[in-house]
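Q: I would like to go through this model with you. Please look at the sequence and structure below.

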Amino acid sequence: MRFRFCGDLDCPDWVLAEISTLARISSVKMKLLCVQVIKDLLDEDIDYEKVSKLTSDAKFESGDIKASVAVLSFILSSAAKHDVDGESLSSELQQLGLPKEHTTGLCKSYEDKHAALQQKLKESSLRLGRLEVVNWRVDYTLSSSELKEVNEPVVQLRLQSQNPESGSSETSVVTVGAEKFRVLLTGMSIFFKYYYYYYY
Amino acid sequence: MLLVLSDEHKEHLGFLPKVDPAVVGEFGRIAVEFLKKGSNPKIYEGAARKLNVPSETVQHGVEGLMYLLTESSKLMISEIDFQDSVLVLGFSEELNKLLLQLYLENRKEVRQILSELAPSLPHYRNLEWRFDVQLGSRALRQHVKPAICLKLHLESGGTQTARVLQTDPATLLHLIQELECALAEVKSNHCRRILRNIK
């Protein structure tokens, strides 16, 4: 059976198993649990005390608490990843056996935070060698050991970027002469022309 | 298969008959503890003070026991072979029985510890991927070139490394096909026969 929120693939077995665990707590508590899980997905601090309080009525053991948080994380992030709307998610979860009230609560929380979740996922997508800081300085060379009167402007660039493999910051300092800098700027402006052409 | 003990080793173990068998039992227990958790020099000093011998002698005695245990567990020698190997040391009957018991009780655990010392290759931790399309470049404008960027996170004995790879869709499909062949190989008759025999 193919599910849209699993990316048009079969639903993993563990998700099916844990949905029955979720059905054990009341729908109100499940909605509050969803709110906590969404906070965790958005990298805000999750309040584990609240989570254990919410699940204590249904007498969840620590394994059950971890399982329910994991399955909610999976459902919400996978649905955001595949851009599933609330109604389809609701019908698919009901097909998997989650009771109607629980599904309604979950989908309401999902729709509220849908945009924020997608934004967060976009930000954490793979980026290599991110440029962090650019500092520049324009110097004017008066003279040198080779030529008495040089009178040329020169640009010094300091680029701080992220090493693509290790993730640590690297700094590189580049000195660009006036003509080469003009070539660089022309290339950049052609790029932006294309950028705007494709986007707008 | 007999264990061959070096002269230095025999010298270190020569300390054992000079003390009570109960103390030897205690040394054996300390030796197993050290194999599990690493050695603690303070224990040598405490024991040396109680027995009124230099701490170096105690250390050699315990280390000799540890080496005897690891070598016998590594080769998984039988009871008779162990007894014959220890006979060479010229210990009393009681001491021999004690050493044999120490060996038999702890060999499974020692073997488990030794198995964790084998070298391990970097293994998979996480894979991030990204599907890009190159629309143009300084050299050529308006083309369409799809590319897939992969960041493979690996872990080897506690240290984490990452490798960045880039491929085009055709190579990626070929890679997937090769990996699926590898998985299918496990189900072939040849592999099944070998696995059945090992189990």
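Q: Is Glu109(B) buried, partly exposed or exposed?

A: Glu109(B) counts as partly exposed, because its relative accessibility is 33%. Buried means under 20% relative accessible area, exposed means over 50%, and partly exposed lies in between (1.4 Å probe, protein chains only).

Q: Before we go on, what kind of model is this, and what are the conventions?

A: This is a predicted model, in which local features need pLDDT of at least 70 and side-chain atom pairs count only at pLDDT 80 or more, while totals for chains, interfaces and linings use all residues. Residues are numbered from 1 along each chain as its sequence is written, chains are lettered from A and ligands numbered from 1 in the order in which they are written, and side-chain values use heavy atoms, with hydrogens and water left out.

Q: Back to Glu109(B): which residue forms a salt bridge with it?

A: Lys36(B) does, with the closest N and O atoms 3.2 Å apart. A salt bridge here is a side-chain nitrogen of Lys or Arg within 4 Å of a carboxyl oxygen of Asp or Glu.

Q: Which parts does that pair tie together?

A: Lys36(B) lies in helix 2 (residues 21–37) of chain B and Glu109(B) in helix 6 (residues 93–115) of chain B, so the pair ties together parts that are 73 residues apart in sequence. Helices (H or I, at least four residues) and strands (E, at least two) are DSSP runs, numbered from the N terminus. Lys36(B) counts as partly exposed, at 41% relative accessibility.

Q: How many salt bridges are there over all chains?

A: A search of the whole structure finds 11. One of the pairs is Asp64(A) with Arg24(A), whose side chains meet at 3.7 Å, N to O. Asp64(A) lies in helix 4 of chain A and Arg24(A) in the loop between helix 1 and helix 2 of chain A, so this pair ties together parts 40 residues apart in sequence.

Q: And those two, buried or exposed?

A: Asp64(A) counts as buried, at 18% relative accessibility, whereas Arg24(A) counts as partly exposed, at 46%.

Q: New topic: how is chain A laid out?

A: Along the sequence, chain A follows the pattern α-α-α-α-α-α-β-β-β-α, with 7 helices and 3 strands. Of its 200 residues, 30% count as buried. Contact means heavy atoms within 4.5 Å; among the contacts in chain A with a separation of 6 or more, 57% come from residues 24 or more positions apart.

Q: Which residues have the most contacts inside the largest nonpolar core?

A: They are Phe5(A), Leu89(A), Leu93(A), Leu106(A) and Tyr110(A), in a core of 35 residues. A nonpolar core is a set of buried Ala, Val, Leu, Ile, Met, Phe, Trp, Tyr and Cys residues joined through side-chain atoms within 4.5 Å. Helix 4 of chain A gives the most to this core, with 8 residues.

Q: What does Leu93(A) touch?

A: Not counting residues up to four places away in sequence, Leu93(A) touches Phe5(A), Ile19(A), Ile75(A), Leu98(A), Thr103(A) and Leu106(A). There is also a second, separate core of 33 residues, which includes Leu16(B), Ala31(B), Phe34(B) and Val86(B).

Q: Now the interface: how many residues does the contact take from each chain?

A: The contact takes 13 residues from chain B and 11 residues from chain A. The buried area between the two chains is about 1,100 Å², and carbon and sulfur atoms give 58% of that area. Buried area is the accessible area (1.4 Å probe) that two parts lose on being put together, summed over both.

Q: Which three residues of chain B supply more than any other three?

A: Arg130(B), Arg141(B) and Val164(B) supply 37% of the area that chain B buries against chain A.

Q: How many salt bridges are counted between chain B and chain A?

A: The count is 0. Within chain B, however, Arg130(B) meets Asp132(B) in a salt bridge, at 3.1 Å, N to O. Arg130(B) is partly exposed, with a relative accessible area of 24%.
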